[in-house]
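Here are my notes on the model. Please keep the sequence and the structure open as you read.

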Amino acid sequence: MAPSADAEAGSSFLNPVQLMDGVRRHFWIPLTLSLFGLILGYSYFKRQKPVYEATSVAQFGSEQSSLLGIDSVGSPSLGDEKSVNTLIQAAKSREVLGRVVKELNLTQRAPFSGGHPAGSREATESAIGVVGSMVRISLRKDTRLIDFTVQGSEPGLVSSVSSQTVLSLVSELENQKSKTLQGAIQSLVGEGQRLQEKLKQSEIAMHDYKKSNQAISLDERKDLVLTKLKELGAEVNRQSTERLTLETHLQACKEGTLPRDQLLNLPTIANHPKVSGILSQIGVQKGALAVLAERYKPKHPKYEAAQAVINNQEQQLEAVLGDAVGLLQSSFDNALELETKLKEQLKRQESEALDLEQLAVQYNVLKREMESDQAVYESVLTRIKQVDVSKGMETPPIWVHQLAMVPTEPVSPNAQKLVGSSTAGGFILGLAIIGLIVVQDRSIRTVDDARDKLRVPVLGMVSNLRPQNSAKQQQALKDATPGQLSLHVHREVAECFREFRTIITRMARSQKTCHMVVSAVPDEGKTFVSTHLGITLASQGLRTLLIDMDLRRSQLAATFGISNDRKGVSDLLLDEASFREVCFGTGVANLALMPSGSRVSNPAELLATCGVERLKEMAFEAGFDRIVIDTAPLVPVNDTLVLGDMADSTFLVVRCNRTPQAIVQEAIRKLQQTGIPLTGLVLNRLAHRSRGYDYYYHKSYYRTAFEESDIPDHNTRVFPAQDATRV
């Protein structure tokens, strides 16, 4: 039966249990690769030349402010990353490295000259390239320190190159700064001379303009004209107001609507000389009349005389007021004439102001140009003084913090690091290979794998045999006969086969049963399972016959120490031997063996045509209780497929962690197609941790090897009392 899609998909993923099982099975891979890596790393270490390293330290930037608060001219700001990277690249420039080559005379050394004549241009270029490859410059994090690291095979040389690189960089920067300052001073002096000449020309142009336009006191004249213009404007406004007032009063007088009192209240009438004189006399006479009124009565001559004078003056006033229109007309004409003159004078002042403003425009242009030239010229003079004063007083952009010392020990190769990393790399590679093997492995690994993928019940599980470590056990194995050896090995897996025996006994439908053990391909452990299943059944007191039906590759006879030239199944089927003649003792009580017999050219034809199903009847008639048949593999040959009717139960042996799932499924398919019911699976060489649940083992359950003394001779035939019937 084909496995489910979920189970197939789940098998492609690597889980820790499978990985650990793969490590246990293939532990030799990482160990071998680790040893290979160790040898390779050590060999590489022995072949490497020692490399020494020397480091000089320089500090860039200034922690103090510039003297006098003057900014440095030509000194780059080193506060940003770009400036620092620029400085580091400058340290690798041809000029700096050329200084190092020249100071240390490196062209005389063969490794630096490149085979060119010492002192030649080619030798210098080669030396510069070699020094550039030796020097490594890096900035320390969160500091102002730059490391100049040099590696090489000569301790003294790397120290000298590192120190000289720093010194050459400092010298080169100082030279560049000096050249920059000198160029800046010259540029400023030239600019100052140009500005001085321009300022002179500006002053001459302004003077000529003043002279030609008589604008020497232009500012004072402009101020006077503006002041007078303001005064005339105010006077014109006042005179215009007075004219309008007189015009209004004149119009009222002409219409005759103004009474005497209102006429006298008009400033023009009241201030007229005649009117003011009469009013003054009337006022004096009224004062005298008031004095006489205190002494005399109205009929008194003096009182009447004073009253007559007042009346006369009143009449004169009435006569003068009668000519009020003429008085107002005269005042209006005077006011109008004065207003006209003021306006004419105001226009002349405005014209003069416009002329002065026009002169001032060009004057201001020349003045601003002269002031601007003067300001720039003064700024250049100040800058020249600053540069001259600050020259040689500022701290350099970079200075030597520490020169390199001659190294005493090489920095590489590091034996511990190199060998350790190569060993660890080999081990990791081995683990990766194991992981790949486990991922690509499509075999049955655990009981759950068999149940989920094959959908066939698991009836038996045979664990891996434990190695015999003690000297006594190893010596006993050497001295044991084949039958004793099989019995001893059986003790190691007895518990597994007892469980298997219990399950198949409960499944048996009759007192006498025939079990057939099959496998998909060779080397699955089919013969091992058949042998120990027979021993387990025999140990229960059941007379068991172990039949070797693998006529192509017989192994059961050799397992029990029986010669391969003995007659067996093929001889019995060909009527060349009787049943009793082909059954032999195995050295195990109640267990008999029927070997494969003589070799035949076509085993499948023999088994299909010679009535092999009668073997079962003959064995039961001979008194055997159980028959265990060891068969040929299912996939390579078809010999086993003709034995289906002979077996009461069929067990498929699957070797864990080896046989691909597809091969096992192909074997199951063949059994199903031929109508052979598959009873269940027997998982061989199952890892202890892959069984799916715990099994407990203890050495006290098993007797020491070869303690039994009742093992019959392996050549003794094991039969019941009656004779076997010939085929």
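**Notes on the model**

1. Helix α15 (415-440) is part of what covers the buried residues of α2. Those buried residues, in a helix spanning 16-25, are Gln 18, Asp 21 and Gly 22. Seen down the axis of α2, they fall within an arc of 100 degrees, so they line one face of the helix. The arc is taken from the directions of the C-beta atoms from the helix axis. Buried stands for under 20% relative accessible area, exposed for over 50% and partly exposed for in between, with a 1.4 Å probe and protein chains only.

2. On the source: this is a predicted model, where local features need pLDDT of at least 70, side-chain atom pairs count only at pLDDT 80 or more, and totals for chains, interfaces and linings use all residues. Residues are numbered from 1 along each chain as its sequence is written, and side-chain values use heavy atoms, leaving out hydrogens and water.

3. Four strands make an open, antiparallel sheet in the order β2-β3-β1-β4. Its edge strands, β2 (135-139) and β4 (398-402), each pair on one side only. From one strand to the next, the twist averages 30 degrees. Helices (H or I, at least four residues) and strands (E, at least two) are DSSP runs, numbered from the N terminus; strands pair if DSSP finds at least two bridges between them.

4. Look at β1 (residues 52-60) beside β4: four bridges pair them in the antiparallel sense. Ala 58 has Val 400 of β4 as its bridge partner.

5. Two helices lie across this sheet's strands. Helix α7 (residues 121-134) lies across β2 and β3 (145-152), at about 40 degrees to β2. Helix α8 (residues 155-212) lies across β1, β2, β3 and β4, at about 20 degrees to β1. Axes are lines fitted to C-alpha atoms, for helices over the stretch in contact, and angles run from 0 to 180 degrees between N-to-C directions.

6. Strand β12 (residues 680-686) has six of its seven residues buried, so it is largely enclosed by the rest of the structure. Strand β5 (residues 458-463) runs parallel to β12, joined by four bridges. Val 458 has Leu 681 of β12 as its bridge partner. Strand β11 (residues 649-655) is also parallel to β12, with five bridges. Here Val 654 stands opposite Leu 683.

7. Which residues is Lys 670 in contact with, leaving aside its neighbours within four places in sequence? They are Leu 634, Val 635, Asn 638 and Leu 641, where contact means heavy atoms within 4.5 Å. Lys 670 lies in helix α24 (residues 661-673).
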